[in-house]
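Hi,

Here is the structure I said I'd pass on to you. Have a look at it first, then read my notes below.

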Amino acid sequence: MKLYDSRRAPNPRRVRWFMAEKGIEDIEIVDVDIFGGQHRSPDYLAKAGLPNVPALEIDETTTITESVAICRYLESLYPEPNLFGRDAREIAVIEMWTRRAEMLLSTPLMMAVRHGHPALAAIETQIPEIADTNRKAAERALKVFDRRLAESEFIAADRVTIADILAVTGIDFARMVKFRPDAELVNVGRWLTAMMERPAAKAGV
């Protein structure tokens, strides 16, 4: 298998973090230069179908994109430690918080960076209002996560799961536009410190 990666993008970092949590080291990593347009080349598009990273080439006929889909596939091959749920109830709760982490927090933060950081003007037609609206949406969402983290060490279970990985990589990526959670969100702050101290936080950074 080959993982087509980009060290500058947040979605590939999700997969690298996931692999690090599981100790997966036997997948070839291929760096894709997105600023150079390599993800739009005919060869890459022939494999991935879309100009997206990451992409996991499973064999000569199958390549999958979308970071969570890649992580689900890897979970089936490397089941421990479990990051998607052990039974029907836990799987559903983790899925719920994973979707919340992506839709309410990580995606808005990515949009805030894409439309707010000068360097990304090379690959994005930037609209400042989009950056501002999404930043405010993420700030509101963090209050939801702070309430959740008041009752749970991690977002979706009693251990790190894919939901935590999506949330923390989104927040950390937003450092590019000097975004940090409000200091009053003490539960988010405690969780964020713990996540950034994990060895997986340094994976491929």
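Is arginine 7 buried, partly exposed or exposed? Before the answer, a word on the ground rules. This is a predicted model, in which local features need pLDDT of at least 70 and side-chain atom pairs count only at pLDDT 80 or more, while totals for chains, interfaces and linings use all residues. Residues are numbered from 1 along each chain as its sequence is written, and side-chain values use heavy atoms, with hydrogens and water left out.

So, arginine 7: it counts as partly exposed because its relative accessibility is 43% (buried means under 20% relative accessible area, exposed over 50%, partly exposed in between, with a 1.4 Å probe and protein chains only). You'll find arginine 7 in the loop that links strand 1 (2-5) to helix 1 (10-22). Helices (H or I, at least four residues) and strands (E, at least two) are DSSP runs, numbered from the N terminus. The arginine 7 side chain makes a polar contact with the side chain of aspartate 5, at 3.0 Å (a pair of N or O atoms within 3.5 Å; within protein, one must be able to donate a hydrogen and the other to accept it, and residues adjacent in sequence count only if both atoms are side-chain atoms).

Four strands make an open sheet in the order 2-1-3-4, with mixed pairing (two strands pair if DSSP finds at least two bridges between them). Strand 2 and strand 4 (63-65) are the edge strands, each pairing on one side only. Strand 1 pairs with strand 2 (residues 28-31) in the parallel sense over four bridges, and lysine 2 stands opposite glutamate 28 there. With strand 3 (residues 55-57), strand 1 pairs in the antiparallel sense over three bridges; here leucine 3 has leucine 56 as its bridge partner.

Last, helix 3. Helix 3 has several buried residues: Ser67, Val68, Ile70, Cys71, Leu74 and Glu75. They lie on the same side of helix 3, because they cover an arc of only 155° around the axis (the arc is that of the directions from the helix axis to the C-beta atoms). As background, an α-helix has 3.6 residues a turn, so residues three or four places apart point the same way. What covers these buried residues includes helix 1, strand 3, strand 4, helix 4 (88-114) and helix 6 (162-173), with contact meaning heavy atoms within 4.5 Å.

Cheers
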